[in-house]
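Here is a short briefing on one protein model.

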Amino acid sequence: MAEPPPKSSKDKEAATAASVKDVVLVTGGNGLVGQGIQAVIRGERRSNEDWVFLSSKDGDLTDASQTRAIFEKYRPTKVIHLAAMVGGLFKNLSHNLDFWRLNMLIND
């Protein structure tokens with residue numbers, strides 16, 4: 001019986017990629033959109049994905065060292081960035097500069 005031909009480098013890369021799990025990190029995971037994503041994922045979870053939903057309790061994304069530590073801990077391959085400081089209409093109007101500054105730091 002003849003042996004199968006050796007796999008090409010593309011075949012090897014595809015096999016390796018298929019065996020590696022994606023880590024999807026969702027910032028703002030307890031917010032409205034984050035909770036919506038969690039609901040969808042519960043019903044459609046793929047075996048090659050691990051989902052991590054973060055809230056502000058998991059770290060301060062305005063602090064570069066805490067953000068770096070989160071990324072080192074989870075090593076995400078994909079990020080869905082939803083984190084933001086929000087406070088409702090009246091708080092947003094009365095503290096709009098504070099919200100803007102903190103949200104800019106989260107995205108810096």
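Which residue in E3 does Val24 stand opposite? Val24 stands opposite Lys78. This is a predicted model, in which local features need pLDDT of at least 70, side-chain atom pairs count only at pLDDT 80 or more, and totals for chains, interfaces and linings use all residues. Residues are numbered from 1 along each chain as its sequence is written, and side-chain values use heavy atoms, with hydrogens and water left out.

**Sheet**
- Three strands form an open sheet in the order E2-E1-E3, with parallel pairing.
- Strand E2 (49–53) and strand E3 (78–81) are the edge strands, and each pairs on one side only.
- From one strand to the next, the twist averages 15°.
- Strand E1 (residues 22–27) pairs with E3 in the parallel sense over four bridges.
- Strands pair here if DSSP finds at least two bridges between them.
- Helices (H or I, at least four residues) and strands (E, at least two) are DSSP runs, numbered from the N terminus.

**Helices on the sheet**
- Helix H2 (residues 32–44) lies across E2 and E3 and runs at about 150° to E2.
- Helix H3 (residues 64–74) packs on the sheet and touches E1, E2 and E3. The direction of H3 makes about 150° with that of E1.
- Axes are lines fitted to C-alpha atoms, for helices over the stretch in contact, and angles run from 0 to 180 degrees between N-to-C directions.

**Thr67 in H3**
- Thr67 is found in helix H3.
- A polar atom of the Thr67 side chain lies 3.3 Å from the backbone oxygen of Leu61.
- Leaving aside neighbours within four places in sequence, Thr67 is in contact (heavy atoms within 4.5 Å) with Asp60 and Leu61.

- Arg75 lies in the loop between H3 and E3.
- Phi of Arg75 is near 45°, a positive value in a residue other than glycine. Most residues other than glycine have a negative phi.
- Arg75 is exposed, with a relative accessible area of 59%.

**Largest pocket**
- The largest pocket holds about 410 Å³ of space.
- A pocket is an open set of points on a 1 Å grid over the protein atoms alone, where a 1.4 Å probe fits, with protein on both sides within 12 Å along at least five of seven lines.
- The lining has 22 residues, with Gly28, Ser56, Ala83, Ala84 and Met85 nearest the centre. Lining residues have an atom within 4 Å of a point.
- H2 gives the most to the lining, with three residues.

How values were computed:
A polar contact is a pair of N or O atoms within 3.5 Å; within protein, one must be able to donate a hydrogen and the other to accept it, and residues adjacent in sequence count only if both atoms are side-chain atoms. Grid points are joined across faces, edges and corners, and a volume is the space filled by probe spheres set on the points. Buried means under 20% relative accessible area, exposed over 50%, partly exposed in between (1.4 Å probe, protein chains only).
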